[in-house]
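This report covers a pocket, the aromatic pairs and the disulfide bonding of one model.

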Amino acid sequence: MKVNLDQICRTVTWGAMQLSRSLISVFLAASLPFSAATTYAQDNLGPTPRESLVDFIKTGDWVEPTPKTESVAEPESETGVSVKSATFPYYLTASDYLAARDVSKGPALKLSYSVTKEDLKLSLPLLPSTTTLQIGTDYAAITRNNSTTIYDFNTRRKLSLRGGDKPVFTSQSLFADALKDVSVVNKNTNKGQLSAIQLSKDKTLDAFWLESGVGWTARDISDSIKIEQSETEIQVTYDTQQVLGMALSGPEITDPGILISMMALWHQSWPIHPAILAELEPIRQAPEKIETLSFSPSEINGVRTRWTLTALDHGEMEFPLSQDTPNLVHTPEASPLAYVISQAANNNALDGRPSLDDLRDQIFKTSNDGNWLGAWQAAQSLARRQGGCENDPAILCDDIKSIEERAEEGSTFSQILAARTAASSDARLSALLDLLPATEAADTPVAALKTAGVLRSKLKTSLSDKLKPVSAGLLLEKALVKAPYDPEIYLTLSQIYAAQGRYVESWDMLDALRAMPDVDPSYFKSVDQVEKSLLARAPGYFGPQNR
C-alpha cells in the first residue's frame, strides 16, 4: 500500500495565512444592495480592524476555483426538508443526515485505549480513563467521558453526541473549525512571526505547543524536529524533549481510507504538531501505545499522556450515529432562531414561503391600501427572488422607484430610505439614531430591523455612547425571525458572526442558505470558493476526499 502523505498532511504555511485573509475578503466582496459588505466597524465584532481587512484584500493571493456546475439529485426527507446531497445543514435530523450521507455501513477499525495523564512538575498521575476510536474509510469517531465526536469526512461535518445513554447531537462544519484554528494561531503568533506567546509578566508558552494543540502552524520549524521512524516504532523530539512516541504493533491497516481517516483524526484530536505529521511515513499497523507531551495555558507544567491499547475489533461497522438520535435543534433546548431557520427550510415558518405571484399580489394590495412600506418590502423580496428587479418580466425597477417616491417625510419608510443612502459616519449615525425607535415596537417592519442592523455594523461604538447597547447581530436576528426566507439576512449575519470569530454560527447560516430552494447562487458563491480552497490547501484536515 503506497500512500503519499504530501497529499494528506495538514501543514499550513504562509499560503494558509493568506487563506484566512481570503475568507474575510471574499465575504467583504459580497455585492448586495445595502448589504453587510463592510460589516466590520462595530467594535465588538472581533480583533481585526477595517484597515487590516482592506490590506488583506490588497495583499491576498486569492485564486478563484472553477465553479462546480453539475446538477445533484435530492433524496426524499422524512421531515420534508429539501436535502441536497452536497449540503448538510446543521438542523438535519439523524435520519435525514444518514439518508443524505448515503453510506451507513462499511469497513472500520475500532480501538479502545486506557489513557493516563501525568503533570510533569507535580508527578501526579490522574486515574485512567477509557477512550474508544472507530475509524472508517471516510470518518473517524472518538468516544470518551460518555461523549462522542464524529469527524465525518464524507460530509465534512463534525457531529457531537452528548448525554450518555440518551444522547442528542449537534452538527457543525469542519470548515468552520479550520478557519477558527487558523485565526487562533495567527492572532497569538502574529501570523507566525512570534515563536513564544506571553501568558503573563513572567510566563511564556512556546508557540510550538499552541500549534500542536490546534493542529495548525504559520511557521516552518522542520529543522527543529527530529523524527526516528521504523515499521514498529516512532520517536519524535523537539528542543531535546520527546514529544511523541508510538509503538506500532496493533492491527494491520490495509485500507488506505482508514489510514487517511486516522491521520486526519490525529490532526483533529491529538496534540501532535502538523510539521511532525507532514514528515511521518505511512504506518502499516495501528498504534498499540502512544505517548504525547503537551503544554497549554491551563497546563503550564506540561502533561505527559499515555495511551495503551486494551481492545480492538475490525470488520463491517455501522456509522456511529443512530437514526433515532435527536438533533438538539428539534428539542426544547434549541434556540428560537435555530428552530425558525429549520422550519423555514421545511417551508413551515410563518405562513410558508410566498410564491412570486403571492409577492405580486402583496405589492398590489398594500399599494391600494396606501401601505407604501409594505409594498416596498414585498417588491424588494420579489427582486431578490429573481436576482434583481431588472430580471422581472414587468417593470419592477420602475415600480420600486415609484413606491419610494411616495415615502412621507418623517415616516419609518423615509427613515429606512435615508439610512440606506447614508454615506459618511456622521450621516449613518444620525440615520441610525432616527431609525432605532421604530425597531423597538412589537410590530416593527422587518425592513427597519434589517436596515438598522446593517447600519449599526458599519459604525464604531466610539462615535456615540448611544451605540453601546445596540447590537447589529441582535437586530438582524430579530429580522430573521420575522423574515426567515430573506437570503440577505442570512448572508449578513454570517458576515457579522465571522467578524466576531463565531465561525461555526457563520457557517450554520451559510449552510442553511445553501439548502434553501430557489436562492440565487451568487449568495453563496464566495463561501463555496473558500471551501474549495481550504480543501486544496489543507487536505489532511478533511480526510479522504470522497465528494
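Helices (H or I, at least four residues) and strands (E, at least two) are DSSP runs, numbered from the N terminus. The model is predicted, with local features needing pLDDT of at least 70 and side-chain atom pairs pLDDT 80 or more, while totals for chains, interfaces and linings use all residues. Residues are numbered from 1 along each chain as its sequence is written, and side-chain values use heavy atoms, without hydrogens and water.

A pocket is an open set of points on a 1 Å grid over the protein atoms alone, where a 1.4 Å probe fits, with protein on both sides within 12 Å along at least five of seven lines; lining residues have an atom within 4 Å of a point. The second largest pocket is lined by 35 residues, and Gln377, Ser381, Arg384, Val446 and Ala483 lie nearest its centre.

The largest contribution to the lining of the second largest pocket, 9 residues, comes from α10.

Aromatic rings of Phe, Tyr and Trp (its six-membered ring) pair if their centres lie within 6.5 Å; planes under 30 degrees apart are stacked, over 60 edge-to-face and the rest tilted. There are 13 aromatic pairs in the structure. Tyr139 and Phe319 are edge-to-face, because their ring centres are 5.1 Å apart and their planes at 75°. One aromatic cluster consists of Phe175, Trp216, Tyr541 and Phe542.

Sulfur atoms of two cysteines within 2.5 Å count as a disulfide. Cys389 and Cys397 are joined in this way, with S to S 1.9 Å. Their link is right-handed, at 95° about the S-S bond.
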